[in-house]
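Hi,

Here is the structure I promised to pass on. Have a look, and then read my notes below.

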Amino acid sequence: MKSMNRIIPFLVLWIFIDACIDRIDLVVPASSLGEIVVDGLITSDPGPYTVKLNSVIRTDDSHPLGLPLTATKVIIADDAGNAEELQQVNNGEYQTKASGIRGVPGRSYHIRVEMGDGSVFESKPDKLGTVGTIDSIFWEFETVKKSDAPPEYRYRIFMNASAATGADKFYRWKLNGTYVVRTEPKFTHCKPPPFGCHWCPDSCSGAIALVGGGVPQDGYGINPETNKIEYIIGLKCTCCRCWVTAPENKPRVTDTRLSSNGKFLRVEMGTVPVNYYTFWEKYRVEVQQMSLSREAFDYWHAIQSQQEGIGSLFQPVGGKIPTNIFEVNNKVRAFGIFYASAIHRKQIYLDKNTYRIPEIVIPQDDCEGVLRAGPIGMDCRIAFPGQRSTTTRPADWVD
(Lines give C-alpha, C1' and ligand atoms only; values in the text may rest on other atoms or scores of the structure.)
Protein backbone atom coordinates (compact mmCIF):
# COMPACT_ATOMS: atom_id res chain seq x y z
CA MET A 1 0.00 0.00 0.00
CA LYS A 2 2.84 2.39 0.84
CA SER A 3 4.46 1.61 -2.50
CA MET A 4 1.24 2.43 -4.36
CA ASN A 5 0.86 5.69 -2.44
CA ARG A 6 4.30 6.69 -3.64
CA ILE A 7 3.65 5.69 -7.25
CA ILE A 8 0.30 7.44 -7.67
CA PRO A 9 1.53 11.06 -7.33
CA PHE A 10 4.11 10.47 -10.04
CA LEU A 11 1.47 9.06 -12.38
CA VAL A 12 -0.80 12.02 -11.68
CA LEU A 13 2.09 14.29 -12.64
CA TRP A 14 2.48 12.49 -15.95
CA ILE A 15 -1.23 12.72 -16.71
CA PHE A 16 -1.26 16.48 -16.14
CA ILE A 17 1.78 16.97 -18.31
CA ASP A 18 0.45 14.92 -21.18
CA ALA A 19 -2.81 16.84 -21.15
CA CYS A 20 -1.32 20.32 -20.76
CA ILE A 21 -1.46 22.86 -23.55
CA ASP A 22 2.30 23.25 -23.21
CA ARG A 23 3.08 19.59 -23.49
CA ILE A 24 5.97 18.00 -21.62
CA ASP A 25 6.52 14.38 -22.60
CA LEU A 26 7.34 11.59 -20.17
CA VAL A 27 6.85 7.85 -20.54
CA VAL A 28 5.62 5.99 -17.47
CA PRO A 29 3.41 2.97 -16.82
CA ALA A 30 -0.33 3.47 -16.50
CA SER A 31 -2.39 3.14 -13.35
CA SER A 32 -5.98 3.52 -12.21
CA LEU A 33 -6.72 7.06 -11.06
CA GLY A 34 -9.52 9.63 -10.89
CA GLU A 35 -12.05 10.89 -13.38
CA ILE A 36 -11.01 13.93 -15.40
CA VAL A 37 -8.11 16.25 -16.16
CA VAL A 38 -8.99 19.86 -16.97
CA ASP A 39 -6.22 21.97 -18.41
CA GLY A 40 -6.46 25.57 -19.55
CA LEU A 41 -5.01 29.05 -19.44
CA ILE A 42 -6.09 32.63 -20.13
CA THR A 43 -3.43 35.29 -20.64
CA SER A 44 -2.91 38.98 -21.33
CA ASP A 45 -2.18 38.05 -24.96
CA PRO A 46 -5.03 38.11 -27.47
CA GLY A 47 -6.97 34.86 -27.78
CA PRO A 48 -8.04 32.32 -28.73
CA TYR A 49 -7.46 30.47 -25.45
CA THR A 50 -7.61 26.70 -25.24
CA VAL A 51 -9.00 24.29 -22.66
CA LYS A 52 -8.40 20.54 -22.90
CA LEU A 53 -10.40 17.79 -21.23
CA ASN A 54 -9.05 14.28 -20.85
CA SER A 55 -9.89 11.11 -19.02
CA VAL A 56 -7.32 9.72 -16.61
CA ILE A 57 -5.19 6.70 -17.51
CA ARG A 58 -6.29 3.27 -16.36
CA THR A 59 -4.48 -0.06 -16.32
CA ASP A 60 -7.33 -1.81 -18.13
CA ASP A 61 -7.71 0.86 -20.81
CA SER A 62 -6.62 0.18 -24.39
CA HIS A 63 -5.77 3.89 -24.60
CA PRO A 64 -3.10 4.30 -21.87
CA LEU A 65 -2.75 8.05 -22.41
CA GLY A 66 -6.41 8.59 -21.60
CA LEU A 67 -9.11 9.76 -23.99
CA PRO A 68 -10.31 13.25 -24.89
CA LEU A 69 -13.62 14.04 -23.17
CA THR A 70 -16.60 15.83 -24.64
CA ALA A 71 -18.47 18.40 -22.54
CA THR A 72 -21.89 19.87 -23.14
CA LYS A 73 -20.63 23.32 -22.16
CA VAL A 74 -17.28 24.98 -21.34
CA ILE A 75 -17.32 28.57 -20.07
CA ILE A 76 -14.58 31.02 -19.04
CA ALA A 77 -15.76 33.88 -16.82
CA ASP A 78 -14.21 36.76 -14.88
CA ASP A 79 -15.12 38.63 -11.72
CA ALA A 80 -16.44 41.61 -13.72
CA GLY A 81 -19.40 39.70 -15.17
CA ASN A 82 -17.81 38.83 -18.53
CA ALA A 83 -18.11 35.27 -19.81
CA GLU A 84 -17.68 33.30 -23.02
CA GLU A 85 -18.75 29.82 -24.01
CA LEU A 86 -15.94 27.99 -25.80
CA GLN A 87 -16.40 26.11 -29.06
CA GLN A 88 -15.13 22.57 -29.62
CA VAL A 89 -12.32 22.53 -32.21
CA ASN A 90 -11.02 18.96 -31.71
CA ASN A 91 -11.91 16.00 -29.56
CA GLY A 92 -11.56 17.20 -25.99
CA GLU A 93 -10.25 20.62 -27.09
CA TYR A 94 -12.22 23.86 -26.70
CA GLN A 95 -11.34 27.41 -27.73
CA THR A 96 -12.55 30.96 -27.31
CA LYS A 97 -12.99 33.24 -30.30
CA ALA A 98 -9.97 35.30 -31.37
CA SER A 99 -12.01 38.43 -30.67
CA GLY A 100 -13.61 37.05 -27.53
CA ILE A 101 -12.79 37.34 -23.83
CA ARG A 102 -9.26 38.52 -23.01
CA GLY A 103 -7.20 38.42 -19.84
CA VAL A 104 -6.91 41.74 -18.01
CA PRO A 105 -4.38 42.28 -15.18
CA GLY A 106 -6.12 42.59 -11.84
CA ARG A 107 -9.15 40.47 -12.77
CA SER A 108 -9.81 36.92 -11.62
CA TYR A 109 -10.90 34.12 -13.94
CA HIS A 110 -12.43 30.71 -13.55
CA ILE A 111 -13.77 27.92 -15.75
CA ARG A 112 -17.00 25.93 -15.64
CA VAL A 113 -17.28 22.57 -17.42
CA GLU A 114 -20.65 20.84 -17.71
CA MET A 115 -20.62 17.16 -18.70
CA GLY A 116 -23.33 15.04 -20.28
CA ASP A 117 -23.70 12.89 -17.16
CA GLY A 118 -24.71 15.92 -15.10
CA SER A 119 -21.39 16.45 -13.33
CA VAL A 120 -20.12 20.03 -13.24
CA PHE A 121 -16.50 21.00 -12.75
CA GLU A 122 -15.26 24.45 -11.79
CA SER A 123 -11.92 26.03 -10.98
CA LYS A 124 -11.17 28.33 -8.10
CA PRO A 125 -10.84 31.95 -9.32
CA ASP A 126 -7.29 32.77 -10.36
CA LYS A 127 -6.06 36.38 -10.47
CA LEU A 128 -4.10 37.66 -13.45
CA GLY A 129 -1.14 39.55 -11.96
CA THR A 130 1.64 41.81 -13.25
CA VAL A 131 4.63 40.26 -14.92
CA GLY A 132 7.85 42.30 -15.12
CA THR A 133 10.15 41.93 -18.15
CA ILE A 134 12.62 39.71 -19.95
CA ASP A 135 15.55 42.12 -20.28
CA SER A 136 17.99 40.18 -22.45
CA ILE A 137 18.71 36.78 -23.99
CA PHE A 138 22.25 35.58 -24.63
CA TRP A 139 24.01 32.34 -25.48
CA GLU A 140 27.18 30.30 -25.25
CA PHE A 141 28.22 27.90 -28.02
CA GLU A 142 29.26 24.47 -26.81
CA THR A 143 30.90 21.45 -28.42
CA VAL A 144 30.20 18.08 -26.82
CA LYS A 145 32.95 15.63 -27.76
CA LYS A 146 32.21 11.92 -27.88
CA SER A 147 34.66 9.04 -28.05
CA ASP A 148 32.49 6.81 -30.23
CA ALA A 149 30.61 9.35 -32.36
CA PRO A 150 31.02 12.70 -34.10
CA PRO A 151 30.94 15.74 -31.78
CA GLU A 152 27.61 17.41 -31.04
CA TYR A 153 27.08 21.16 -31.11
CA ARG A 154 24.57 23.25 -29.20
CA TYR A 155 23.78 26.71 -27.87
CA ARG A 156 23.24 27.15 -24.13
CA ILE A 157 20.57 29.83 -23.69
CA PHE A 158 20.58 32.32 -20.79
CA MET A 159 18.44 35.31 -19.89
CA ASN A 160 18.26 38.29 -17.55
CA ALA A 161 14.87 39.37 -16.24
CA SER A 162 13.23 41.87 -13.91
CA ALA A 163 10.36 41.22 -11.53
CA ALA A 164 7.28 43.39 -11.31
CA THR A 165 7.23 45.90 -8.48
CA GLY A 166 5.27 45.26 -5.32
CA ALA A 167 4.92 42.28 -3.02
CA ASP A 168 6.41 38.86 -3.64
CA LYS A 169 5.72 37.75 -7.21
CA PHE A 170 5.64 34.27 -8.69
CA TYR A 171 6.75 33.42 -12.22
CA ARG A 172 6.95 30.67 -14.76
CA TRP A 173 9.66 30.90 -17.43
CA LYS A 174 9.37 29.13 -20.78
CA LEU A 175 11.88 28.54 -23.53
CA ASN A 176 10.24 28.20 -26.94
CA GLY A 177 12.34 27.17 -29.93
CA THR A 178 11.00 27.41 -33.48
CA TYR A 179 12.84 26.61 -36.68
CA VAL A 180 12.10 26.29 -40.39
CA VAL A 181 12.55 22.98 -42.19
CA ARG A 182 12.27 21.78 -45.77
CA THR A 183 11.42 18.22 -46.69
CA GLU A 184 10.88 16.45 -50.01
CA PRO A 185 7.64 14.43 -49.77
CA LYS A 186 7.84 13.61 -53.46
CA PHE A 187 10.49 11.09 -52.39
CA THR A 188 8.20 9.19 -50.04
CA HIS A 189 8.97 5.57 -50.82
CA CYS A 190 6.90 2.43 -50.73
CA LYS A 191 7.38 -1.20 -51.65
CA PRO A 192 4.24 -2.55 -53.30
CA PRO A 193 5.05 -6.20 -54.02
CA PRO A 194 6.17 -7.64 -56.31
CA PHE A 195 7.64 -4.52 -57.87
CA GLY A 196 10.33 -3.79 -55.28
CA CYS A 197 11.15 -0.30 -54.05
CA HIS A 198 9.20 2.60 -55.55
CA TRP A 199 8.73 6.29 -54.88
CA CYS A 200 5.14 7.07 -53.99
CA PRO A 201 4.86 10.88 -53.68
CA ASP A 202 2.53 12.29 -51.06
CA SER A 203 -0.53 13.97 -52.57
CA CYS A 204 0.62 17.30 -51.08
CA SER A 205 4.04 17.10 -52.75
CA GLY A 206 3.05 18.73 -56.05
CA ALA A 207 4.74 15.88 -57.93
CA ILE A 208 3.99 12.48 -59.36
CA ALA A 209 5.95 9.63 -60.90
CA LEU A 210 5.44 9.74 -64.69
CA VAL A 211 6.41 6.07 -64.91
CA GLY A 212 5.21 3.76 -62.15
CA GLY A 213 7.59 4.03 -59.22
CA GLY A 214 10.09 6.15 -61.16
CA VAL A 215 11.69 9.42 -60.10
CA PRO A 216 8.83 11.88 -59.40
CA GLN A 217 8.47 15.02 -61.52
CA ASP A 218 7.47 18.38 -60.04
CA GLY A 219 4.32 20.05 -61.33
CA TYR A 220 2.59 16.89 -62.53
CA GLY A 221 -0.64 15.47 -61.21
CA ILE A 222 -3.65 13.39 -62.19
CA ASN A 223 -6.36 15.26 -64.06
CA PRO A 224 -9.59 14.19 -62.30
CA GLU A 225 -11.58 14.55 -65.52
CA THR A 226 -9.34 12.43 -67.74
CA ASN A 227 -7.67 10.37 -64.98
CA LYS A 228 -4.40 10.94 -66.82
CA ILE A 229 -1.11 12.40 -65.64
CA GLU A 230 -0.75 15.96 -66.88
CA TYR A 231 1.38 19.03 -66.19
CA ILE A 232 -0.63 21.41 -64.03
CA ILE A 233 0.23 25.09 -64.15
CA GLY A 234 0.92 26.48 -60.69
CA LEU A 235 0.97 23.09 -58.94
CA LYS A 236 3.35 23.31 -55.98
CA CYS A 237 4.20 21.37 -52.87
CA THR A 238 2.05 22.37 -49.90
CA CYS A 239 3.83 20.26 -47.27
CA CYS A 240 7.54 20.87 -48.00
CA ARG A 241 8.15 23.89 -45.75
CA CYS A 242 7.20 23.85 -42.08
CA TRP A 243 7.77 25.77 -38.88
CA VAL A 244 8.61 23.30 -36.14
CA THR A 245 8.34 24.09 -32.43
CA ALA A 246 10.34 22.00 -29.97
CA PRO A 247 8.48 20.82 -26.83
CA GLU A 248 9.22 22.25 -23.42
CA ASN A 249 11.30 19.76 -21.43
CA LYS A 250 10.17 20.88 -17.99
CA PRO A 251 8.52 23.89 -16.33
CA ARG A 252 10.71 26.50 -14.65
CA VAL A 253 9.21 28.52 -11.81
CA THR A 254 10.59 30.97 -9.27
CA ASP A 255 9.58 33.76 -6.94
CA THR A 256 11.12 37.12 -6.11
CA ARG A 257 12.58 35.83 -2.85
CA LEU A 258 15.21 34.13 -5.01
CA SER A 259 16.10 37.32 -6.87
CA SER A 260 18.62 40.05 -6.15
CA ASN A 261 16.77 43.37 -5.83
CA GLY A 262 14.07 42.17 -8.18
CA LYS A 263 16.60 41.03 -10.82
CA PHE A 264 17.18 37.55 -12.17
CA LEU A 265 20.64 37.33 -13.70
CA ARG A 266 22.17 34.71 -15.97
CA VAL A 267 19.32 32.24 -15.66
CA GLU A 268 20.02 29.20 -17.84
CA MET A 269 16.90 28.34 -19.82
CA GLY A 270 18.03 25.30 -21.78
CA THR A 271 19.89 24.30 -24.92
CA VAL A 272 19.37 24.52 -28.67
CA PRO A 273 20.75 21.54 -30.64
CA VAL A 274 22.64 22.25 -33.85
CA ASN A 275 21.79 19.73 -36.53
CA TYR A 276 20.86 19.38 -40.18
CA TYR A 277 17.28 20.60 -39.64
CA THR A 278 17.38 23.05 -36.74
CA PHE A 279 19.66 25.33 -38.76
CA TRP A 280 18.38 24.59 -42.24
CA GLU A 281 17.46 28.30 -42.30
CA LYS A 282 17.44 29.77 -38.81
CA TYR A 283 16.28 29.16 -35.28
CA ARG A 284 14.14 31.51 -33.18
CA VAL A 285 14.68 31.50 -29.43
CA GLU A 286 11.79 32.95 -27.42
CA VAL A 287 11.82 33.32 -23.65
CA GLN A 288 8.54 34.04 -21.87
CA GLN A 289 8.03 35.34 -18.34
CA MET A 290 4.56 34.46 -17.07
CA SER A 291 2.94 35.78 -13.91
CA LEU A 292 1.53 33.19 -11.53
CA SER A 293 -0.82 33.30 -8.58
CA ARG A 294 0.34 31.46 -5.49
CA GLU A 295 -1.92 28.52 -6.39
CA ALA A 296 -0.59 28.28 -9.96
CA PHE A 297 2.97 28.58 -8.64
CA ASP A 298 2.39 25.70 -6.22
CA TYR A 299 1.06 23.55 -9.08
CA TRP A 300 3.98 24.16 -11.46
CA HIS A 301 6.54 24.09 -8.63
CA ALA A 302 5.30 20.65 -7.59
CA ILE A 303 5.73 19.37 -11.16
CA GLN A 304 9.18 20.95 -11.44
CA SER A 305 10.27 19.48 -8.09
CA GLN A 306 8.97 16.02 -8.99
CA GLN A 307 10.90 15.99 -12.27
CA GLU A 308 14.12 17.33 -10.77
CA GLY A 309 13.99 14.77 -7.98
CA ILE A 310 13.53 11.76 -10.21
CA GLY A 311 16.66 9.79 -10.95
CA SER A 312 14.75 7.39 -13.17
CA LEU A 313 11.45 7.77 -15.00
CA PHE A 314 10.23 4.64 -13.22
CA GLN A 315 11.45 5.61 -9.76
CA PRO A 316 8.51 6.23 -7.40
CA VAL A 317 8.43 9.62 -5.71
CA GLY A 318 6.37 11.15 -2.96
CA GLY A 319 4.29 14.28 -2.75
CA LYS A 320 1.05 15.46 -4.29
CA ILE A 321 0.31 17.63 -7.30
CA PRO A 322 -2.16 20.33 -6.22
CA THR A 323 -5.21 21.22 -8.29
CA ASN A 324 -7.70 24.08 -8.37
CA ILE A 325 -10.34 22.00 -10.19
CA PHE A 326 -13.27 20.49 -8.30
CA GLU A 327 -16.63 18.87 -8.99
CA VAL A 328 -19.31 21.11 -7.50
CA ASN A 329 -21.20 18.22 -5.88
CA ASN A 330 -18.07 16.30 -4.85
CA LYS A 331 -19.20 13.27 -6.88
CA VAL A 332 -15.92 12.52 -8.62
CA ARG A 333 -12.31 13.58 -8.40
CA ALA A 334 -10.74 16.13 -10.74
CA PHE A 335 -7.17 17.00 -11.62
CA GLY A 336 -5.35 19.71 -13.53
CA ILE A 337 -5.41 23.48 -13.46
CA PHE A 338 -7.01 26.51 -15.03
CA TYR A 339 -5.06 29.69 -14.39
CA ALA A 340 -4.55 33.27 -15.54
CA SER A 341 -1.20 34.76 -16.54
CA ALA A 342 0.28 37.97 -17.88
CA ILE A 343 3.11 37.32 -20.34
CA HIS A 344 6.21 39.24 -21.37
CA ARG A 345 8.40 37.74 -24.10
CA LYS A 346 11.64 38.43 -25.88
CA GLN A 347 13.07 36.79 -29.01
CA ILE A 348 16.40 36.40 -30.75
CA TYR A 349 17.25 34.61 -34.01
CA LEU A 350 20.24 32.34 -34.52
CA ASP A 351 21.52 31.20 -37.91
CA LYS A 352 24.62 29.66 -39.46
CA ASN A 353 26.39 33.01 -39.24
CA THR A 354 25.74 33.46 -35.51
CA TYR A 355 28.64 31.12 -34.81
CA ARG A 356 30.85 29.05 -37.08
CA ILE A 357 28.47 26.12 -37.34
CA PRO A 358 29.91 23.24 -39.34
CA GLU A 359 27.94 22.14 -42.38
CA ILE A 360 26.00 19.03 -41.40
CA VAL A 361 24.74 16.78 -44.18
CA ILE A 362 22.70 13.62 -43.67
CA PRO A 363 22.34 11.44 -46.79
CA GLN A 364 18.84 9.98 -47.11
CA ASP A 365 18.45 6.21 -47.41
CA ASP A 366 15.22 6.17 -49.37
CA CYS A 367 15.11 3.06 -51.45
CA GLU A 368 16.76 -0.16 -50.29
CA GLY A 369 20.12 1.39 -49.51
CA VAL A 370 20.19 3.85 -52.42
CA LEU A 371 21.47 7.16 -51.03
CA ARG A 372 19.91 10.42 -52.11
CA ALA A 373 21.29 13.81 -51.11
CA GLY A 374 18.81 16.23 -49.56
CA PRO A 375 16.07 16.44 -46.94
CA ILE A 376 13.95 13.56 -45.72
CA GLY A 377 11.27 12.27 -48.08
CA MET A 378 8.25 12.96 -45.90
CA ASP A 379 5.42 15.44 -45.39
CA CYS A 380 7.02 18.08 -43.12
CA ARG A 381 3.94 18.10 -40.90
CA ILE A 382 4.59 14.52 -39.74
CA ALA A 383 8.35 14.18 -40.24
CA PHE A 384 9.25 15.43 -36.75
CA PRO A 385 7.28 13.40 -34.18
CA GLY A 386 6.97 14.85 -30.70
CA GLN A 387 7.20 18.41 -32.01
CA ARG A 388 4.51 20.77 -33.24
CA SER A 389 4.89 21.25 -36.98
CA THR A 390 2.80 23.48 -39.24
CA THR A 391 2.91 24.89 -42.75
CA THR A 392 1.43 28.14 -41.43
CA ARG A 393 4.04 30.86 -40.99
CA PRO A 394 3.89 32.39 -37.46
CA ALA A 395 2.42 35.88 -37.65
CA ASP A 396 5.44 37.39 -35.88
CA TRP A 397 8.11 35.44 -37.77
CA VAL A 398 10.92 37.68 -39.06
CA ASP A 399 12.29 36.66 -42.47
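First, a term you'll need: buried means under 20% relative accessible area, exposed means over 50%, and partly exposed is in between (1.4 Å probe, protein chains only). This is a predicted model, so local features need pLDDT of at least 70 and side-chain atom pairs count only at pLDDT 80 or more, while totals for chains, interfaces and linings use all residues. Residues are numbered from 1 along each chain as its sequence is written, and side-chain values use heavy atoms, with hydrogens and water left out.

On confidence: pLDDT (the predictor's confidence in each residue, from 0 to 100) has a mean of 83 for the chain, and 82% of the residues reach 70 or more. Residues 23-34 stay under 50, though the model gives them 52 contacts (heavy atoms within 4.5 Å) beyond four places in sequence.

Now the salt bridges (a side-chain nitrogen of Lys or Arg within 4 Å of a carboxyl oxygen of Asp or Glu). There are 20 of them. In one, Arg 266 pairs with Glu 140, with the closest N and O atoms 2.6 Å apart. Arg 154 and Glu 142 make another, also at 2.6 Å, N to O. Arg 154 is partly exposed at 32% relative accessibility, and so is Glu 142, at 21%. Arg 182 bridges to Glu 184 at 3.2 Å; here Arg 182 is partly exposed at 33%, whereas Glu 184 is buried at 16%. Finally, shared partners join Glu 140, Glu 142, Arg 154, Arg 156, Arg 266 and Glu 268 into one network.

Cheers
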